[in-house]
Amino acid sequence: MIAKLVRIATGRDYAIGKGDLSYMLSKGGWPMLRGLVWSMCRLRRWNGLMLGPHIQWVMAGRVTTGRGVLIGGMSYIDGSARHGIVLADRVTIREHAWIQGRSGLNDPADGLWIGMQSYIGPRATIGIGGPVRIGAGVQAGAGLTITAESHAADDEGSFVSGRTERRGVTIGDRCWLGNNVSILDGVDIGADCVIGANSLVTRSIPAGSVAFGVPARVRDRG
């Protein structure tokens with residue numbers, strides 16, 4: 001019965017065991033209540049949104065959430081990008097996430113899209129800049145860093161002049177990223193890739209590849 005109610009409210013399926021009720025109330029009860037209040041304050045229909053404590057919002061009206069989205073506490077969510085932030089059904093963004101859509105009054109970022117049932121671990125840092133597209137079913141460990149812009153040298157060779165280039169980052173469906181993976185601007189990671197922990201991805205990775213290292217290189221699955 002409880003599992004059915006959870007599925008109706010959030011679209012998420014769980015096997016509820018003995019003793020899980022107290023865990024659910026402490027872990028999920030308050031986030032569901034915060035999500036309900038947040039939705040009501042913005043005149044939105046509540047769709048199972050769950051929010052942790054002390055989330056800082058910038059232009060929350062440009063953040064679109066699907067059914068059963070969870071955003072962990074202590075996160076900074078900046079929706080000021082031109083196309084905002086779109087989180088599909090059952091996306092999870094864990095605690096202490098930092099998503100930046102703009103830095104001061106310079107040009108706003110493009111946008112962030114995260115596909116269904118993708119999981120972003122704690123302490124993620126996503127600087128949008130160019131468009132960032134994360135596919136469906138992606139699993140990213142703690143400490144993910146995505147930097148969708150890069151500084152370019154001016155005529156005198158300085159990188160601190162403020163001139164930037166923005167190409168964007170794409171992560172295909174069903175990719176698995178270990179802890180502390182960093183992805184730089186212009187990278188396209190194909191579907192079904194595995195990126196090892198602590199890797200620095202500086203160039204695009206073909207679909208179905210296993211890659212790791214600094215910089216990340218494609219390795220033989222065998």
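In what follows, a residue is called buried under 20% relative accessible area, exposed over 50%, and partly exposed in between (1.4 Å probe, protein chains only). This is a predicted model, in which local features need pLDDT of at least 70 and side-chain atom pairs count only at pLDDT 80 or more, while totals for chains, interfaces and linings use all residues. Residues are numbered from 1 along each chain as its sequence is written, and side-chain values use heavy atoms, with hydrogens and water left out.

**First stop: salt bridges**

Glu149 sits in the loop between β14 (145-147) and β15 (150-151) and Arg166 in the loop between β16 (164-165) and β17 (169-171), so the contact ties together parts 17 residues apart in sequence. Strands here are DSSP runs (E, at least two residues), and helices likewise (H or I, at least four), numbered from the N terminus.

Next, select Asp185 and Arg167, whose closest N and O atoms are 3.8 Å apart in another salt bridge. Asp185 is buried, with a relative accessible area of 5%, whereas Arg167 is exposed at 56%.

Then select Arg174 and Asp192, which meet in a salt bridge of 2.7 Å, N to O. Arg174 lies in the loop between β17 and β18 (176-177) and Asp192 in the loop between β20 and β21, so this pair joins parts 18 residues apart in sequence. The structure has 4 salt bridges by this rule.

**Second stop: the sheet**

Colour the strands of the open sheet, which has 9 strands in the order β1-β4-β7-β10-β13-β18-β21-β23-β24 and mixed pairing. Strands β1 (50-51) and β24 (217-219) stand at the edges with a single partner each, so one side of each lacks a neighbour in the sheet. Within the sheet, zoom to β21 (residues 194-195) and β23 (residues 210-212), which run parallel and are joined by 2 bridges; two strands pair if DSSP finds at least two bridges between them. Ile195 is placed opposite Ala211 in β23.

How many disulfides does the structure hold? The number is 0, a disulfide being a pair of cysteine sulfur atoms within 2.5 Å. For Cys175, the nearest cysteine sulfur is that of Cys193, 4.8 Å away. Finally, compare Cys175, buried at 1% relative accessibility, with Cys41, exposed at 58%.

Notes. A salt bridge is a side-chain nitrogen of Lys or Arg within 4 Å of a carboxyl oxygen of Asp or Glu.
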